Amino acid sequence: MIIILLVLLHAPWIVDGISILKCQKNFRRAFCLNANEHSIPVEGVEEGMKMRYLPNTEVKVSELCLGTMMFGDQIKKTAAFELLDIATKECGINFVDTSEIYPMPSTPETVGHSELIIGEWLKQHGKTKRSELVISTKICGFSNEITWCRKSSNEEGTRLTSDQITEAVNAQLKRLGTDYIDVLQFNWPDRYVPLYGAPEYLHELEREDAASFQSQLEAVDSLVKAGKVRHFGLSNETPYGATSFMLTAEALGLSHLKPVTVQNAYNLLERNDFESGMLEVCSPRNGNLGLLAYSPLAGGALTGKYLRSDAVDMNSRMRQFVGYMYRYIAPPATAAIREYQALADYLSLPLGPLALAFVYSRPFVTSTIIGATTPQQLRDNVMALNLAPLSDDALLRINEIYQKHRDPSKGAFEVIDPNLEYIDPSKLPWGAKDQDVDPELDIIINQRL
């Protein structure tokens with residue numbers, strides 16, 4: 001017995017990536033995705049497009065979801081219509097994600113245009129297409145900078161108060177040209193939380209006027225009772241927030257308002273937050289939340305294209321949305337990407353499909369939100385399904401890199417002056433200041449690009 005214990009204590013797989021591999025089969029069984037799946041044929045995709053129930057609902061969604069963050073800005077209406085047609089007619093995707101603030105970066109001139117484009121596309125296809133499509137949309141959390149998103153936010157910015165929630169949803173229904181929203185999500189919380197690369201939680205940024213969990217749920221309940229919203233979800237949320245919403249719903253006797261989804265960033269650069277905290281909340285034994293994983297390619301950084309600064313497209317998201325995207329090409333992230341690129345080369349695979357296949361094959365991901373600016377990009381993202389699940393060897397090597405680069409998208413680097421704001425606040429969707437994000441932002445990235 002003593003010998004066995006000594007061997008176990010010194011066995012390297014207890015702490016490295018192999019330990020994760022040893023749990024894969026039990027892990028997938030615990031999340032029970034396979035039991036609720038069926039596939040529909042998609043040309044070129046060996047196993048077809050898997051369809052899965054959103055937890056605790058009768059709503060089935062495709063394992064890939066079409067993101068529309070660029071619809072109405074970088075992607076004009078005609079191109080957006082083509083992407084919607086390809087996604088739904090060729091690729092077996094029945095799930096579309098949007099937000100009241102899209103396209104990004106948000107401006108007073110373009111806000112809401114993504115929803116308008118989806119609404120116009122639906123109008124062309126009739127009621128049958130609407131019944132076949134699952135629409136997830138989001139409403140903004142607290143921001144004292146975004147004053148153009150709702151009429152009532154002209155002075156105070158966006159809030160998740162009862163009046164603003166109701167106003168926002170009614171406007172969304174009008175833009176989308178539909179009577180109901182399948183999944184309504186809060187884009188980010190009303191209370192303070194560190195977001196988008198912020199290195200830590202700062203108690204001094206907490207606000208006493210944050211909308212209560214109860215008031216937010218009661219506002220959504222009114223919309224559900226009116227038939228305007230079918231299910232409720234969260235986005236950019238923390239374990240504390242998700243658990244509080246669930247416990248508050250139970251305490252109020254509103255179990256039907258327990259969130260069914262959480263839409264958080266999840267990719268090779270951003271695993272640690274979810275896997276070390278939110279994953280426990282999402283477990284079917286606990287909160288049973290479905291992860292809608294966004295940014296599987298980390299804004300395109302996980303294609304490897306930003307490793308060469310001279311290859312950066314001036315119209316790319318990295319250029320257009322500097323403050324938000326900087327964390328993906330900061331030195332720590334770049335160091336990790338170089339290692340993942342070397343692994344992709346070793347496996348004779350492009351880095352982008354490898355990164356996508358990693359997210360696609362995670363057992364706790366209900367659906368992965370993919371964005372594309374061209375039909376070819378969309379088809380390529382779908383074809384990456386053929387690489388999932390990744391081999392044990394590939395997963396082992398990925399986890400070895402992960403052990404060395406656990407949080408490469410977090411934190412501030414080479415702070416110049418934390419008292420200065422280097423970017424237009426409108427470029428920051430959550431209304432944060434530089435102490436919430438990487439303080440060097442525009443200056444460093446523009447030197448590099």
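**Figure 1. The loop residue S348 in the predicted model.** S348 lies in the loop that runs between α13 (331-346) and α14. In this predicted model, the phi angle of S348 is near 60°, a positive value in a residue other than glycine. With a relative accessibility of 65%, S348 counts as exposed, because the cut-off for that class is over 50%. A second residue with this backbone feature is N288, whose phi is positive at about 55° although N288 is not a glycine. N288 is placed in the loop between α10 (272-282) and β10 (290-293). Most residues other than glycine have a negative phi.

Figure 2. The bond that links M104 to P105 is cis, and its omega is near -5°. P105 belongs to the loop between β5 (95-97) and α5 (113-132). The bond from A388 to P389 is likewise cis, with omega near -5°. P389 sits in the loop between α15 (375-383) and α16. Most peptide bonds are trans.

**Figure 3. The open sheet formed by β1, β2 and β3.** Three strands are arranged in the order β1-β2-β3, with antiparallel pairing. Strands β1 (38-42) and β3 (60-62) stand at the edges; each has a single partner strand, so one side of each lacks a neighbour in the sheet. From one strand to the next, the twist averages 35°. Strand β2 (residues 45-53) pairs with β3 in the antiparallel sense over three bridges. R52 has V61 of β3 as its bridge partner. Strands of a sheet pair through backbone hydrogen bonds.

**Figure 4. T57 in the loop between β2 and β3.** T57 is located in the loop that connects β2 with β3. Its relative accessibility is 12%, so T57 counts as buried. A polar atom of the T57 side chain lies 2.8 Å from the backbone oxygen of L54. Apart from neighbours within four places in sequence, T57 is in contact with H231 and V260.

Figure 5. Y402 is part of helix α16 (residues 392-404). The relative accessible area of Y402 is 3%, and this residue is therefore buried. Its side chain makes a polar contact of 3.3 Å with the side chain of N272. Beyond neighbours within four places in sequence, Y402 is in contact with R271, N272, E275 and Y340. The C-alpha atoms of Y402 and E270 are 9.8 Å apart, although 132 residues separate them along the chain.

**Figure 6. F186 and the largest nonpolar core.** This core contains 123 residues, of which F186, L269, F274, Y340, L378 and V382 touch the most other members. Helix α14 (residues 351-360) gives the most to the core, with eight residues. Excluding residues up to four places away in sequence, F186 touches I139, L160, I165, Q216, V220, F232, G233, L234, S235 and F245.

**Figure 7. D163 in helix α7.** D163 is placed in helix α7 (residues 162-176) and is exposed, with a relative accessible area of 65%. The C-alpha atoms of D163 and Q216 are separated by 10.0 Å, and these residues are 53 residues apart along the chain.

**Figure 8. Confidence along the chain.** The mean pLDDT is 84, and 79% of the residues reach 70 or more. Over residues 1-30 the pLDDT is below 50, and this stretch has 27 contacts in the model beyond near neighbours in sequence. The pLDDT is also below 50 over residues 412-449, a stretch with 87 such contacts.

Conventions
Residues are numbered from 1 along each chain as its sequence is written. This is a predicted model: local features need pLDDT of at least 70, side-chain atom pairs count only at pLDDT 80 or more; totals for chains, interfaces and linings use all residues. Side-chain values use heavy atoms; hydrogens and water are left out. Two strands pair if DSSP finds at least two bridges between them. Helices (H or I, at least four residues) and strands (E, at least two) are DSSP runs, numbered from the N terminus. Axes are lines fitted to C-alpha atoms, for helices over the stretch in contact, and angles run from 0 to 180 degrees between N-to-C directions. pLDDT is the predictor's confidence in each residue, from 0 to 100. Contact means heavy atoms within 4.5 Å. A nonpolar core is a set of buried Ala, Val, Leu, Ile, Met, Phe, Trp, Tyr and Cys residues joined through side-chain atoms within 4.5 Å. Buried means under 20% relative accessible area, exposed over 50%, partly exposed in between (1.4 Å probe, protein chains only). A polar contact is a pair of N or O atoms within 3.5 Å; within protein, one must be able to donate a hydrogen and the other to accept it, and residues adjacent in sequence count only if both atoms are side-chain atoms.
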